[in-house]
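Okay, thanks everyone, I'll keep this short. Let me put the structure up, and then we'll walk through the helices, the sheet and the pocket.

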Amino acid sequence: MSVIFIPKVQEYLDELVPILYENGYFVFESAAHNYVESLIDDIMADLPTRQHRPAPPHFDKYGKGMYYTFFRKNKRTTWYVFFTKYLNNGETIYLVRYIANNHVIAQFL
């Protein structure tokens with residue numbers, strides 16, 4: 001099994017560190033970096049074993065036939081990961097197509 005992020009998701013995650021730091025969610029940029037790295041590590045390690053549900057139709061703009069699951073990072077923030085599953089030469093590939101937190105997309109779930 002492998003987990004792959006589409007380039008747009010990877011760009012978002014790269015841009016997330018300065019966003020979190022500049023908006024005051026973290027006092028130190030290194031703490032924001034560690035937070036994002038922890039989120040990526042959790043997704044890479046746990047996505048294949050997480051229970052998942054079909055994504056609501058609102059998210060079809062990011063890909064058809066997607067599923068989603070969530071990763072709670074603290075009491076206030078839950079990250080939702082939207083992905084498609086593919087079988088390639090007997091290996092399951094999890095392609096992460098969109099990621100957002102509850103502050104942005106809760107009303108669509």
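So, start with the two helices, α1 at residues 7-22 and α2 at residues 29-46: their axes come within 8 Å and cross at roughly 145°. The crossing of α1 past α2 is right-handed. Before I go on, keep in mind that this is a predicted model.

Which residues in α1 meet α2? On the α1 side you've got Leu 13, Leu 16, Val 17, Leu 20 and Tyr 21. Across from them, α2 brings Glu 29, Ala 32, His 33, Tyr 35, Val 36, Leu 39 and Ile 40. If you sort that contact by residue type, you get 10 nonpolar, one polar and one charged.

Okay, on to the sheet. There are five strands in an open sheet, and the order goes β1-β5-β4-β3-β2, with mixed pairing. At the edges sit β1 (2-5) and β2 (53-54), each pairing on one side only. As a quick reminder, strands of a sheet pair through backbone hydrogen bonds, either parallel or antiparallel.

Let's zoom in on β3, residues 67-72, and β4, residues 78-88. That pair is antiparallel, with six bridges. If you want landmarks, find Phe 70, which stands opposite Tyr 80 in β4, and Tyr 67, which stands opposite Phe 83 in β4. A hairpin of five residues takes you from β3 to β4. On the β2 side, β2 and β3 also run antiparallel, joined by two bridges. Look for Arg 53 there, whose bridge partner in β3 is Tyr 68.

Now, how do the helices sit against all this? Going back to the β3 and β4 pairing, antiparallel over six bridges, both of those strands are touched by α2, which packs on the sheet and also touches β1 and β5. The direction of α2 makes about 135° with that of β1.

How much space lies in the largest pocket? About 340 Å³. It has 14 lining residues, and the closest to the centre are Leu 20, Tyr 25, Thr 77, Asn 101 and His 103.

By type, the lining splits into nine nonpolar, four polar and one charged.

So, to recap: α1 and α2 cross right-handed, the sheet has five strands with mixed pairing, and the largest pocket holds about 340 Å³ of space. That's it from me.

Notes:
Residues numbered from 1 in each chain as written. Predicted model: local features only at pLDDT ≥ 70, side-chain atom pairs only at ≥ 80, totals over all residues. Heavy atoms only, no water. Axes fitted to C-alpha atoms, helices over the stretch in contact; angles between N-to-C directions. Helix = DSSP H or I, 4+ residues; strand = E, 2+ residues; numbered from the N terminus. Left-handed = near helix turned anticlockwise from the far one by under 90°. Contact = heavy atoms within 4.5 Å. Nonpolar A, V, L, I, M, F, W, Y, C, P; charged D, E, K, R; others polar. Pairing = 2+ DSSP bridges. 1 Å grid on protein atoms, 1.4 Å probe; cavity = no way out; pocket = protein on both sides within 12 Å on 5 of 7 lines; lining within 4 Å. Points joined across faces, edges and corners; volume = space filled by probe spheres on them.
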